[in-house]
2 protein chains.
Amino acid sequence: MPTATRDLLPGTLEMLILQTLRGGALHGYAIAQHIQQTSQDVLQVEEGSLYPALQRLLRERWVTANWGISARNRKVRTYKLTPAGRKQLGREIAGFARLLEGIGRVMRPAES
Amino acid sequence: MPTATRDLLPGTLEMLILQTLRGGALHGYAIAQHIQQTSQDVLQVEEGSLYPALQRLLRERWVTANWGISARNRKVRTYKLTPAGRKQLGREIAGFARLLEGIGRVMRPAES
DNA sequence: CTACTATACATAGATTATCTTTGTAAAGAA
DNA sequence: TTCTTTACAAAGATAATCTATGTATAGTAG
């Protein structure tokens, strides 16, 4: 079965996670749910993509993590945006916008 | 030196090449130049990305290739969009637009 | 005549990101 | 007690891009 509808646009997951955490700290599973739901099921964050991405964000100190208990009474690791992470989010948004503009110029050459 | 400004948004190169060939057949090097120039130097197609991508497009029969001589009197391999390639371009544009909408909903949650 | 730059193709290898698969574990419902 | 959902995480496979390398020739500068 082809129809390989992509789950994500490669290179955007970290931006999506950081943006999600702007609204407040969340645990991993909830981050993935939020992205999927907010995107109206267009984006899906596989666990095998999510947790490595969170590890990268921790390594760069763009987020911090704490163990706790969720509203559903489950042991969870909650991630929180750091000031450096907030700056990084800004850079990622700018870089993404820049690339999108470039792509737009190639894809819509009719525009002035 | 960080500042790792990306050359491309991963997953978009084939779409950019197919779109470039909509305007007529071009040789590889000229495709890369066109993308770079049209994007106003935002996008840069490294040769190590370009030629493997062209091989993939050939394999899928989305383009055909012919050897010839360029306007600058160089031996060149010219690529031409096939009808299947044109259909694929449509699918890629639709898939990309879909992902962008999803990303937009996550990044701009304020919108209705 | 020589050196350099730009044009042009291509592959090999490294890196990175994502996806698939597998594993653990516990809460709550059937 | 079995199933589903929630929740974390690592291992391995796949895929796309980037870096480095190699070949070759046209044209220009010196």
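A base nitrogen of DNA strand D lies 2.9 Å from a polar backbone atom of Gly48(B), a polar contact in the sense of a pair of N or O atoms within 3.5 Å. The elements giving two or more residues to the surface near strand D are helix 2 (28-38), helix 3 (47-59) and strand 3 (75-81) of chain A, together with helix 3 (47-59) of chain B. Helices (H or I, at least four residues) and strands (E, at least two) are DSSP runs, numbered from the N terminus. This is a predicted model, in which local features need pLDDT of at least 70 and side-chain atom pairs count only at pLDDT 80 or more, while totals for chains, interfaces and linings use all residues. Residues are numbered from 1 along each chain as its sequence is written, chains are lettered from A and ligands numbered from 1 in the order in which they are written, and side-chain values use heavy atoms, with hydrogens and water left out.

A polar side-chain atom of Arg74(A) is 2.6 Å from a base oxygen of DNA strand D, and a side-chain N or O atom of Tyr51(A) is 2.9 Å from a phosphate oxygen of DNA strand D. Around DNA strand D there are 25 residues, of which Tyr29(A), Glu47(A), Arg74(A), Gly11(B) and Arg74(B) come nearest; a residue is near a strand if one of its heavy atoms lies within 4 Å of it. Sugar and phosphate make up 64% of the atoms of DNA strand D that come within 4 Å of the protein.

DNA strand C has 27 residues around it, and Gly11(A), Arg74(A), Tyr29(B), Glu47(B) and Arg74(B) come nearest. Of its atoms within 4 Å of the protein, 61% belong to sugar or phosphate and the rest to bases. Phosphate oxygens of DNA strand C lie 2.5 Å from a backbone N or O atom of Tyr29(B), 2.9 Å from a side-chain N or O atom of Tyr51(B) and 2.9 Å from one of Ser70(B). Here helix 3 of chain A joins helix 2 (28-38), helix 3 and strand 3 (75-81) of chain B in giving two or more residues to the surface near the strand.

The two protein chains are related by symmetry. Chain A can be laid on chain B with an RMSD of 0.0 Å by a turn of 180° and a shift of 0.0 Å along the axis, which is the relation of a two-fold axis. The superposition is by least squares on the C-alpha atoms of residues with pLDDT of at least 70 in both copies. Among residues of chain A, Pro10(A) comes closest to the rotation axis, at 2.8 Å (C-alpha). The copies meet through the same surface, because 100% of the interface residues of chain A are also interface residues in chain B.

The largest nonpolar core has 58 residues, and Ile17(A), Leu43(A), Ile17(B) and Leu43(B) have the most contacts inside it. Such a core is a set of buried Ala, Val, Leu, Ile, Met, Phe, Trp, Tyr and Cys residues joined through side-chain atoms within 4.5 Å. Leaving aside neighbours within four places in sequence, Leu43(A) is in contact (heavy atoms within 4.5 Å) with residues including Leu16(A) and Ile35(A), and with Leu99(B), Gly102(B), Ile103(B) and Val106(B).

Helix 1 (residues 13-22) of chain A is largely enclosed by the rest of the structure, because nine of its 10 residues are buried. Buried means under 20% relative accessible area, exposed over 50%, and partly exposed in between (1.4 Å probe, protein chains only). Its buried residues include Ile17(A), Thr20(A) and Leu21(A). Ile31(A) counts as buried, at 0% relative accessibility.

Technical notes: Polar contact = N/O pair within 3.5 Å; in protein donor to acceptor, adjacent residues only side chain to side chain.
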